[in-house]
Amino acid sequence: MNKIKTLENLQKMHLLIESECTGRPLNLARRMNLSERSIYNLLELLKDFDAPIEYSRSRKTYYYTRPFRIDFKISLSVTSNNEVTELFSGSYLSY
């Protein structure tokens, strides 16, 4: 589940960077309920995907220097005792 949580945090960070409203790294960490080190790790992960991320000191936000898109699709199905539990981006559904 840790990998799924990382992808969820990555998606949230991407949306904040895309809207250019991240704030300073410490503020972003508090906003996302993560450590500042985790924020830097997520930024590095985005950069591993060739995300063109920069930080503006005057606007106090991370932003993309050119259009960048990353799509997240998470789906997991588990069947046990005639019950199917599906996970979609962190939301649990039981049938």
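Predicted model: local features only at pLDDT ≥ 70, side-chain atom pairs only at ≥ 80, totals over all residues.
Residues are numbered from 1 along each chain as its sequence is written, and side-chain values use heavy atoms, with hydrogens and water left out.

**Salt bridges**
- The model has 3 salt bridges (a side-chain nitrogen of Lys or Arg within 4 Å of a carboxyl oxygen of Asp or Glu).
- One of them joins E8 to K5, with the closest N and O atoms 3.8 Å apart.
- E20 pairs with R59, with a closest N and O separation of 2.6 Å.
- E20 lies in the loop between helix 1 and helix 2 (25-32) and R59 in the loop between strand 1 (53-56) and strand 2 (61-64), so this pair ties together parts 39 residues apart in sequence.

**Around E20 and R59**
- Just after helix 1, E20 takes a positive phi of about 55 degrees.
- R59 also lies over the face of Y63, at 4.7 Å from the ring centre (CZ of Arg or NZ of Lys within 6 Å of the ring centre and within 35 degrees of the ring normal).

**Burial**
- Y64 and F68 are both buried (under 20% relative accessible area; exposed is over 50%, partly exposed in between; 1.4 Å probe, protein chains only).
- Buried residues of helix 1 include I4, E8, L10 and I17.

Definitions and conventions:
Helix = DSSP H or I, 4+ residues; strand = E, 2+ residues; numbered from the N terminus.
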